[in-house]
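Take a look at the model below. Keep the sequence at hand as you read.

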Amino acid sequence: MHADPAILIVDDNPANRRLYQATLSDLGAQLTMASSGEEALARCVEHPYAMILLDVHLSGMDGFQVAQSIRDKCPGLDAPIVFVSAVYVHEQDTYRGYRLGAVDYILSPIVPEILRAKAAIFIRMHRLRVDALQHAQAIEKAYRELRTVHAEMEGFSYSVSHDLRTPLGQIAGFADLMQMGHAGELSDKVREYVGYIQSAAHRMNSLIDDMLLLGNMSRTEMEVQPVDLSHLAQSLMTEIEALRPQSRASWQVQHGLQAMGDQRLLRVALSNLLSNAWKYSAGVPRPFIDFGSREDDDGPVYYVRDNGAGFDVHAAGDRLFRPFQRFHSDAHFQGNGVGLAIVQRVIEKHGGRLWVESAPGRGATFFFTLGRLSTRPAPL
Ligand SMILES: Nc1ncnc2c1ncn2[C@@H]1O[C@H](COP(=O)(O)OP(=O)(O)OP(=O)(O)O)[C@@H](O)[C@H]1O
Ligand SMILES: [Mg+2]
């Protein structure tokens, strides 16, 4: 839509046209004159007018016929029409005019101040429409760009999973062969090096898994259902305990925590939080992990608390939930730095919030809400 407003003035009387021109000249709109219905039709394609000032009693085509032809010829032109008439317009004709897009009738001789005030409103409305249209176009453009980036991401994920996994599998496979099939031919040093290759390949494989999980997160459709969070946490803790027998921790899970959410996604989120609690508390004398909830004004706030290594939340700042950000060295605790980014996406998808309280050596408590979903009763 044209940003500069324009007004189409249609009147066969030159004195009237001059009067309208003088009345409307300083409103910041371009004024286009037409002395007949035919000329108005020729002009109607030029602009999406902010307003059409149309004499009802034109010689030749009358004002209503002009309005009808404008609507037929320029269907995109839905400019408000203000009819001007020197005599009373019969009620039937008035309705006919309204059906053609008339918004007003004014009597001639016009009162300049009234015409100016009306034109000013239509010019303002036109500017607002242009603004709204430009915003809508900008949003549509951003959406199209986002879709392109999304498609590229999907392509990238695909190539990561296929193109990287194959050579990685070969590296790991040949390293395994050397280790198992030819162990006798290798010196201790070479065997040690082959072991490093195996663990690096294993690490890269888990990085690829995490990247793909993170990439898929935004595309995953939510399946909202009642979820027994207590049961979920309990079974996850039992799994983690079995997977990491080298470290022991005591833990407790509050009973009866029920929520509405996506069972699969919540499992991924809780699994990351509980695994972190387990991993980062492994070095303290009596590790303790606690999963529970407290009531807040906005509903339940769930938490995963540990008494482990903790970290400096302030130093982490806004890197906290970004992928590949770690606040402990690999030498102390191994990890990919993707877990919390995944948790954040899951909580976001539920319309909730994730935050943490922690300090070095003082453990960590991760809090999360599940937005409006969790406040609904969850019959189990
Ligand atoms: N419970 C916790 N106690 C102390 N530090 C934590 C805790 N949870 C997370 N962190 C810090 O936040 C960083 C990011 O956590 P995140 O779970 O994303 O990655 P990670 O555990 O290093 O690796 P992975 O992707 O395998 O989970 C961790 O590297 C660690 O420094
Ligand atoms: Mg983690």
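Predicted model: local features only at pLDDT ≥ 70, side-chain atom pairs only at ≥ 80, totals over all residues.

Residues are numbered from 1 along each chain as its sequence is written, chains are lettered from A and ligands numbered from 1 in written order, and side-chain values use heavy atoms, with hydrogens and water left out.

**The ligand site**

Start with ligand 1. There are 19 residues around ligand 1, where near means a heavy atom within 4 Å. Asn276, Arg326, His328, Val338 and Leu340 come nearest. By class, the shell has 7 nonpolar, 8 polar and 4 charged residues. Here Ala, Val, Leu, Ile, Met, Phe, Trp, Tyr, Cys and Pro count as nonpolar, Asp, Glu, Lys and Arg as charged, and the others, Gly among them, as polar.

Helix H8 (263-280), helix H10 (339-349) and strand S12 (364-368) each give the shell at least two residues. Helices (at least four residues) and strands (at least two) are DSSP runs, numbered from the N terminus. H8 supplies the largest share, 3 residues.

| Residue | Atom of the residue | Distance to a ligand 1 oxygen |
|---|---|---|
| Histidine 328 | polar side-chain atom | 2.8 Å |
| Glycine 337 | backbone N or O | 2.9 Å |
| Glycine 339 | backbone N or O | 3.0 Å |

On its own, ligand 1 has 590 Å² of accessible area, and the protein covers 95% of that. Such areas come from the Shrake-Rupley method with a 1.4 Å probe.

**The disulfide**

A disulfide is a covalent bond between the sulfur atoms of two cysteines. The cut-off used is sulfur atoms within 2.5 Å. The structure holds 1 disulfide. Cysteine 44 is joined to cysteine 74, with S to S at 2.1 Å. The link is right-handed, with 50° about the S-S bond. Distant parts of the chain are linked, 30 residues apart. Cysteine 44 lies in the loop between helix H2 (37-43) and strand S3 (51-55), and cysteine 74 in the loop between helix H3 (63-73) and strand S4 (81-85).

**Two backbone details**

The peptide bond from serine 108 to proline 109 is cis, with omega near 5°. Proline 109 sits in the loop between strand S5 (102-107) and helix H5 (112-181). Phenylalanine 324 has a positive phi, near 65°, and is not a glycine.

Definitions and conventions
Polar contact = N/O pair within 3.5 Å; in protein donor to acceptor, adjacent residues only side chain to side chain.
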